[in-house]
Every structure is written in C-alpha cells, then in structure tokens.
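Trainee: I am new to this structure and would be grateful for a close look at a single part of it. Please take me through that part in a connected way.

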Amino acid sequence: MKKNITINLCGRLFQIDEDAYDMLQHYIDSLRHSFGKQEGGDEIVDDIETRIAELFDELRQQGTEAITIDHVKAIITRIGQPEELTGDEEKIDEAASAGHRYDSARSAAQGIYDNVRARTAGKKLFRNPKDKLLAGVLSGFATYTNTDPVIWRLATVVFTAFYGVGLIVYIILAIVLPEAKTPEQILQMEGKEVTPQNLADVVVEKDEATAQQPNLLRTLFSLLLKLLFGFFVGMAMIACLVLCLGALFALVVIVCALALPITSNMPFSLDTLGLAGLYQTNPMVLILFAFALFMLLLIPIYAIIHMVLSLTGKTQPMGVGQRITWIILWIAALCCVVPTGIIMNQYSDDYFHQKYDHHVSYRYQGVKMSEKDRDFLRKGGWNLLTAGNCDHYTWSGRYPTGDGEQRYLDTYNDNCEAVLRVERSESVEPGVYRMDCLVRAEGPGAYVYAMAADSTYLMEIPAYENKPAGLYDLLQQELEYGRDKAGSLKYLSLQIDSAAVRNHAECLDGWSVVTIENIVAADGTIAYGMTSDKTITGQQCRSKWFSATDFTLTRTGDLPKTAKQKK
C-alpha cells in the first residue's frame with residue numbers, strides 16, 4: 001500500500017504516488033539547475049513540464065488512475081536527462097575559470113547521483129533469495145542498483161584478497177540485512193508496486209519455478225566462489241574457535257585472580273600474575289577487562305542460540321535494529337578489551353622484568369650480572385674487558401668431572417651475538433711457557449688466547465661434535481708413553497684418576513684440551529683468557545655458547561737469546 005498525492009502540473013491535476021513524485025520533482029529541479037544559466041532557460045523548462053503533463057494525460061486516457069515511478073522513469077528516458085538536453089551548450093573554452101570547473105564537476109557528480117537515485121528509487125535493500133550463492137547479499141545489491149551481480153561478486157573476491165576485508169564486510173552485511181522472504185518484501189526489493197496482481201505473480205513465480213537452461217560459465221563461477229568463500233569461512237571459524245577458547249581461558253584466569261586474595265600463592269592469583277600492583281593502583285582496568293571480555297564471548301553465543309531458535313520457529317528472527325545494536329555492543333567490548341589487555345600485559349611484563357632485574361642487579365666492573373657470576377669472576381681475578389649480548393658469564397653442571405657445583409667461564413646468546421673478552425694476568429719468572437685449558441663451543445669463532453711481551457697467541461676452541469672429547473683417551477695415551485700419571489693430571493689441573501674419568505664420561509661431552517705452546521714471557525707477565533671479540537680474533541663468532549676452565553701455565557724453557565737481548 002502506497003500513499004498517492006494530487007499534483008497540479010501546468011494547470012492539470014494528476015494522481016501520483018509518493019516515490020514517483022519525489023523522482024519527478026528531482027528531475028525538474030535538475031532541469032532548472034542545468035538550464036538556469038542559459039538565456040531562455042526557464043521557458044525551456046516550462047516547455048518540458050508541459051510535455052510531461054501531455055504524457056500524463058495520455059496515460060490517464062489509457063486508464064491509468066495514478067502515475068507510478070515506472071511511468072516517471074519511462075517519461076524521463078523518453079525526454080532525456082538534463083546533460084543530454086543541454087548538449088554542446090554546456091561546453092566552454094579551456095580557459096574557463098576555476099569556479100566554472102567546479103560547477104562542471106558538481107554537475108557531473110549530480111548526474112551520477114541522479115543515475116543512482118533513478119536506479120534505486122522505490123526500492124528497499126534486502127538479501128535476494130532468488131539468485132543467491134551464499135546468503136544473497138551481493139544479489140540483493142545487484143537488484144537494488146539494477147546492475148549485474150557478477151560485478152559485485154568479483155569485487156568481493158578482489159577485496160577478500162586484501163586481508164579478508166571483503167569476507168568481513170560480507171559477513172557483517174549478511175547479519176545486518178534481512179532476507180526478502182514474503183511476496184511484499186520481494187516486490188519492495190525489486191521496486192514494484194504492491195498490488196494484488198503483482199503479489200499473485202510473485203506467488204506463482206515461487207510455486208512454478210521456470211526451467212532455465214544451465215549456464216556452464218555461471219555454474220563454474222558459482223562453484224569457484226563457493227569453494228573460495230568456504231575456505232575463508234572455514235579458516236575464519238577455526239581462528240574464531242581458537243580465539244574464543246583463549247578468551248574463555250583468560251576470562252577464567254582473571255575472574256579467579258579477582259576472587260583470590262592478592263597475596264595468595266595459588267597459580268592464578270594477582271600476585272602470581274604480576275597484577276597485584278595494578279589492582280591496588282587502578283582496579284577498574286581489571287574489572288573493565290573482565291566485563292568486556294565476558295560481553296565479547298556472550299554476544300556471539302546469544303546470537304547463535306537465537307538464530308537456532310528462529311530457524312526452528314520457536315522465536316522471531318532479530319530485526320535490523322536489534323542486530324545493529326548487538327554488533328555495536330560487540331565492537332565496543334572489543335575496543336575495550338584490546339587497550340585494557342595491553343595495559344595489563346605491559347604492567348605484568350614490567351613487574352617480571354623488575355623482578356628479574358632484582359636477581360641480576362649485582363654489578364661487576366660496571367656490568368650487571370648474577371651474584372654467582374660476580375663472585376666467581378671476582379675471586380678468580382678475572383677482568384671483563386668486553387661484554388655485550390651475554391646471557392650469563394659463568395655456568396655449572398657440565399664440568400668434566402661431573403661436579404655439578406663447579407663453575408667455569410661460559411656465555412650464551414641464541415643469535416650468536418655474544419661479544420665477550422674475559423682475561424686475567426699472572427706474574428711468572430721470565431721464560432718460555434705452555435698454557436693448557438679445557439674448552440668447548442657450540443660453533444666456530446670462539447678463542448682462548450695468551451698475551452706476553454706485546455705478542456698475542458690465539459687458539460680457536462674446537463666446535464662441539466656431540467661426542468666425548470677424549471680426555472679419558474688422552475690420559476690413557478699419557479700413561480702408555482710412560483709419563484707420570486700424577487704429572488699428567490697436574491698439568492691438566494684435574495684431581496681425578498682414570499677411574500673417575502671413566503665414571504663421569506657422560507660429562508665430558510664437548511670438552512677438549514687446548515694447548516698454546518712457546519709463549520715467550522720476557523717481562524714476567526702473561527695475560528690469558530677467552531674471547532669472541534672480532535677485533536682480537538679477526539673472525540665473526542658463530543657459536544651460541546662457549547666455555548673455558550682450568551687454565552694452567554707451565555714453564556718449558558728459558559728465554560731465547562734474542563728475547564734476553566731485547567729485555
């Protein structure tokens with residue numbers, strides 16, 4: 001049922017429905033705007049109005065009681081659009097003013113608006129059930145704008161490739177837009193007048209589906225689109241399920257944390273999560289996060305339950321207003337969860353960072369480290385000449401003898417970026433020396449070294465090969481050559497015997513004996529240590545970890561004559 005209006009056009013009265021009147025009025029206004037700047041433009045518009053009145057008279061003589069929007073569309077097409085009527089008279093020189101160019105652009109925009117209005121006048125936007133592939137959203141837009149649905153479907157596929165924007169918009173529109181289910185809604189969707197004859201035609205069309213020849217291209221496109229959307233929908237459902245489970249777990253955790261005492265030792269207490277300080281200073285952040293997260297989970301669950309009940313006929317489907325309200329509330333909850341969650345995460349990270357710093361707040365020679373690292377380096381007289389990107393500086397638990405408490409020089413960086421140079425000096429009698437030590441490394445580029453009388457002696461630490469380093473075999477070889485067992489153990493600085501080495505063979509993995517010979521100590525001082533500093537070694541370190549222990553200096557001879565002369 002539509003409202004009719006009586007209009008006076010050139011002294012003649014006509015009955016016209018409301019939508020047709022709006023279109024006619026807009027058309028006449030467009031004519032006056034287009035012809036207004038021309039000489040005699042008003043007379044041209046009056047002539048056109050007279051012609052429209054004559055055409056209306058012809059319709060009335062044919063038995064038409066009320067002018068409809070279809071009649072107005074036909075008359076406009078017959079007479080022509082304003083830009084068609086003006087023709088070349090609207091064209092001007094290239095040297096026209098900027099103001100006139102603005103008017104031309106505005107006229108073009110007005111023309112586009114008029115075209116869109118003409119296509120959509122008298123129609124309502126619904127999801128089209130008559131030509132749908134999934135939910136009928138794109139077919140509904142095509143019917144509303146009187147365009148080909150393939151254009152809309154291709155545009156959706158293209159936008160879906162951009163981070164799933166097309167799919168997200170499609171899902172939202174499928175939720176918000178109602179489907180044209182009744183004959184009256186189908187007529188409103190198509191812009192047809194709701195009359196008994198049109199209603200009967202819709203019913204007949206639904207009951208007697210006309211046989212159509214299958215279109216191979218359309219069938220293939222439909223199948224491809226269904227597969228594509230099915231894939232994206234499946235991935236989106238999996239992602240949503242994972243996110244929902246994670247959000248549910250977070251909700252349970254935060255509710256338990258709020259319910260438990262702050263200083264509780266339970267796993268989910270505020271103190272355990274590092275949020276006790278936040279609750280004491282700004283409790284609304286936690287409360288708001290819990291409430292928003294609850295709404296974020298509740299709204300989709302309620303929507304799914306309501307949809308199932310509506311499909312079974314136990315309740316009425318949601319109206320457009322109700323759907324939009326729930327979507328706005330869900331988006332508001334999401335916009336609340338994200339910033340509060342970021343605040344909570346940042347506060348928790350800061351708390352644990354400070355807690356960690358509390359345990360490594362000891363400093364040695366300006367470098368922050370643990371208490372055990374500091375004490376070992378201080379008592380051993382080690383100096384940190386270079387220290388960067390080092391996770392630690394000493395370690396225990398993998399000592400060759402199996403002593404889990406014995407510490408040794410060690411550092412680690414997962415990206416092979418540790419730059420370490422640790423060194424100590426010993427005063428010795430001038431002469432020639434040999435340095436022995438136990439070493440291991442995960443990869444190449446780490447060295448032990450000795451420095452004496454402005455000379456540097458380097459030896460690369462062998463890379464770890466995941467097998468015993470051969471200390472036991474080395475001891476056996478020493479015995480076979482007749483060397484004193486106590487002497488061999490003495491220079492290795494290991495107070496163990498062959499049986500002890502055999503019993504702790506599993507602790508020898510990666511350790512090797514490295515020896516630097518012919519260290520000439522003319523000035524009576526030898527500095528030695530471990531380093532991965534490229535400025536010393538000349539090579540880039542590619543080892544995640546490297547270790548050294550049991551440095552021993554043994555005098556092997558007197559100074560050469562040349563060294564004595566220099567001295």
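Which residue is the bridge partner of G388 in strand 8?

Mentor: The bridge partner of G388 in strand 8 is V419. Please bear in mind from the outset that the model is predicted. To place this bridge, consider the two strands concerned. Strand 5 comprises residues 383–388, and strand 8 comprises residues 419–427. The two strands run antiparallel and are joined by five bridges.

Both strands belong to an open sheet of five strands, whose order is 5-8-13-10-11 and whose pairing is antiparallel. Strand 5 is one of the edge strands of this sheet, and strand 11, residues 455–460, is the other; each of these two pairs on one side only. On average, and with direction ignored, neighbouring strands of the sheet are turned by 15° against each other.

From the sheet we may turn to the aromatic side chains. A pair of aromatic rings is described by the distance of the centres and the angle of the planes. The structure holds eight aromatic pairs. One of them is formed by F14 and F56, with 5.4 Å from centre to centre and 70° between the planes, an edge-to-face arrangement. This pair links distant parts of the chain, since F14 lies in strand 2 (residues 12–17) and F56 in helix 2 (residues 41–61), 42 residues apart. F14 has a relative accessible area of 3% and is therefore buried, the cut-off being under 20%. F56, at 1% relative accessibility, counts as buried too.

Another pair brings together Y302 and W326. Their ring centres are 5.1 Å apart and their planes stand at 50°, so this pair is tilted. Y302 is found in helix 14 (residues 283–311) and W326 in helix 15 (residues 320–359), so the pair ties together parts that are 24 residues apart in sequence. As for accessibility, Y302 is partly exposed, with a relative accessible area of 33%. W326 likewise counts as partly exposed, at 26% relative accessibility.

Two further features involve aromatic rings. W382, Y528 and F551 form one aromatic cluster.

To return to your question, the bridge between G388 and V419 belongs to the pairing of strand 5 with strand 8, which five bridges hold in an antiparallel arrangement.

Definitions and conventions:
Residues are numbered from 1 along each chain as its sequence is written. This is a predicted model: local features need pLDDT of at least 70, side-chain atom pairs count only at pLDDT 80 or more; totals for chains, interfaces and linings use all residues. Side-chain values use heavy atoms; hydrogens and water are left out. Two strands pair if DSSP finds at least two bridges between them. Helices (H or I, at least four residues) and strands (E, at least two) are DSSP runs, numbered from the N terminus. Axes are lines fitted to C-alpha atoms, for helices over the stretch in contact, and angles run from 0 to 180 degrees between N-to-C directions. Rings of Phe, Tyr and Trp (its six-membered ring) pair if their centres lie within 6.5 Å; planes under 30 degrees apart count as stacked, over 60 as edge-to-face and the rest as tilted. Buried means under 20% relative accessible area, exposed over 50%, partly exposed in between (1.4 Å probe, protein chains only).
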